[in-house]
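Dear colleague,

I am passing on the structure we spoke about, and below it you will find what came out of going through it. Please keep the model open beside the text as you read.

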Amino acid sequence: MEPRSRRTRSGGDEAPTEEPARRRIEVPTPSVVRARERGKVAAQNPVVLRTEQLTKVYGSVVAANEVSISVHAGSLTGIVGPNGAGKTTTLSMISGLLRPSSGRVTVGNVDVWADGPAAKQLIGTLPDRLRLFDRLTGAQLLYYSGVLHGVAEAEVAARSAELAEAFGLESALDRLVSDYSAGMQKKIALACSMIHAPEVLVLDEPFEAIDPVSAANVTEILEKFVAGGGSVILSSHSLELIQRVCDHVAIIASGSVIAQGTVDAVRDGVSLEERFRALVGEGESKKGLQWLHGSSDSE
Ligand SMILES: Nc1ncnc2c1ncn2[C@@H]1O[C@H](COP(=O)(O)OP(=O)(O)OP(=O)(O)O)[C@@H](O)[C@H]1O
């Protein structure tokens, strides 16, 4: 198509001067801007998920120590902490997979540990260390995830197709899940966690093993979910991702919550990573490993 030329003032006898067509560039709103706006709104919403003094003790190890976290409706809340801090333990107790030593978890008015079946209708879970029924195809896994949550078969079929498209798994649905890559397994598990349209998603490391394009997709799916009134609590080791995508955050160290609130309140004018390092400790520079640092035994 010819580029559009501007008509001359003198009536058009002069040769028109060529000018490149002006295109309107759509600048998408970055996730971080949406997250900050959402944080202000969600903070005013009622709390849908609440843990009260949630504790898990393994012998002499206190894996979670009186963890009290609130997740507001419409919030994407991140949970961060060093290795072994108690993130998986906490998320597993929230989703009804690991019985607490003491404390309470409620979703809406449902006590997760007093009424498991009702809670599981409200919660969608992506557990740590995916243990999928991987001798099923992706389509079968979605089917059973849906019907076992009481979704009608026709609805499961429709939702499966939409989820497969959203996660880019359409061409893989008829293959065994055991043959999926790590990222594909994560995506089918995420899709399964959503098929019964839960109110709250509890996701342990949902972005782990997922490529950058798929991560952007997953972010978009989660943002749409919370925009529709759902709530998400997710763990990640990427503080940059949590700062960019989440509106609220809880920092856990040695089993205890040491900071929580909106991302802006917690980071308090510095990056979340700087705040995290200040709270959790930079870690003293370690001595040792001299043998690894280039000194030759023969010297
Ligand atoms: N089944 C278990 N038996 C004994 N100790 C356990 C068990 N599961 C977890 N722990 C301990 O509880 C603590 C918290 O573990 P958890 O897996 O919750 O940490 P995390 O924050 O998820 O760590 P990571 O970031 O490495 O995944 C750790 O000290 C861990 O060794």
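**The ligand and its shell**

In this predicted model, the residues that surround the ligand are Tyr58, Val61, Ala63, Gly81, Asn83, Gly84, Ala85, Gly86, Lys87, Thr88 and Thr89.

**Helix H7**

The other part I went through is helix H7, which covers residues 212-227 and has 16 residues; at 1.5 Å a residue these should span 22 Å, and this agrees with the end C-alpha atoms, which are 22 Å apart. Its buried residues are Val218, Leu222, Phe225 and Val226. Viewed down the axis of H7, these buried residues fall within an arc of 90 degrees, and therefore they line one face of the helix. As a general point, an α-helix has 3.6 residues a turn, so residues three or four places apart point the same way.

The buried residues of H7 pack against helix H1 (31-42), strand E4 (76-80), helix H6 (182-194), strand E8 (200-204) and strand E9 (231-235), whereas the face turned away from the buried side carries the exposed residues Val213, Ala216, Glu220, Lys224 and Ala227. Just after H7, Gly229 adopts a positive phi of about 105 degrees.

How values were computed
Residues numbered from 1 in each chain as written. Predicted model: local features only at pLDDT ≥ 70, side-chain atom pairs only at ≥ 80, totals over all residues. Near = placed C-beta within 6 Å. Helix = DSSP H or I, 4+ residues; strand = E, 2+ residues; numbered from the N terminus. Expected span 1.5 Å × (residues − 1). Buried ≥ 20, exposed ≤ 12 C-beta atoms within 10 Å, placed from the backbone. Arc of directions from axis to C-beta. Contact = placed C-beta atoms within 7 Å.
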